[in-house]
Amino acid sequence: MKKTLLLMSILLLMACVSPMRSDFDRYQKKWQEANITHYRFELNMICFCTFRNRMPLQIEVLNGQVGAMTDNTGKTIKAADADYAYFSRYATIDRLFSELQANLNGTADQIAVAYHPSYGFPTRINIDRIKRAADDELGLAVSAFERLP
């Protein structure tokens with residue numbers, strides 16, 4: 001009886017996770033097939049963070065590497081910036097996919113994602129790692145995406 005109950009619980013959990021995982025796989029493939037190597041976008045991080053007044057960031061990416069990153073005042077964000085490591089964690093579309101994948105495979109209590117219909121990149125990621133905790137949520141919003149030559 002315990003084995004049956006355990007098996008049913010696992011199947012139920014898999015049913016809940018599968019649609020989000022299949023969406024992730026489909027949209028990541030769409031992004032990869034678009035083969036966009038040079039692009040610019042705005043990234044808005046929604047969190048209980050000290051750097052909220054710097055949002056959104058303007059980021060340019062070339063061949064998977066951050067070419068330029070500025071805050072909303074136009075100040076260039078360099079490696080010496082106190083927030084650089086945190087910002088750069090999400091500073092490319094591939095890194096956003098990596099973060100999303102890690103949370104889909106991890107222990108986040110709730111994840112919501114919206115994807116760009118043509119290119120497949122995530123336009124909105126909301127992660128609540130501990131549903132009943134007060135300030136652990138993270139929102140990532142991509143806007144003003146521009147494919148560059």
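Numbering starts from 1 along each chain as its sequence is written. In this predicted model, local features need pLDDT of at least 70 and side-chain atom pairs count only at pLDDT 80 or more, while totals for chains, interfaces and linings use all residues; side-chain values use heavy atoms, with hydrogens and water left out.

**Stop 1: the disulfide.** Select Cys47 and Cys49. A disulfide (a pair of cysteine sulfur atoms within 2.5 Å) joins them, with S to S at 1.8 Å. The structure holds one disulfide. Its S-S torsion is about -130 degrees, so the disulfide is left-handed. Cys47 is buried, at 14% relative accessibility. Cys49 is partly exposed, at 22%. Buried means under 20% relative accessible area, exposed over 50%, partly exposed in between (1.4 Å probe, protein chains only).

**Stop 2: Lys30.** Move to helix H1, residues 2-34, where Lys30 sits. Helices (H or I, at least four residues) and strands (E, at least two) are DSSP runs, numbered from the N terminus. Lys30 is partly exposed, at 31% relative accessible area. Beyond its neighbours within four places in sequence, Lys30 contacts (heavy atoms within 4.5 Å) Pro117, Ser118, Tyr119 and Gly120.

**Stop 3: the hairpin.** Stay on Gly120. It takes a positive phi near 90 degrees in the hairpin of E4 and E5, which has six residues between the strands. Select 110-115 (E4) and 122-128 (E5): these strands pair antiparallel over six bridges. Pairing requires at least two DSSP bridges between two strands. Finish at Ala114, which stands opposite Arg124 in E5.
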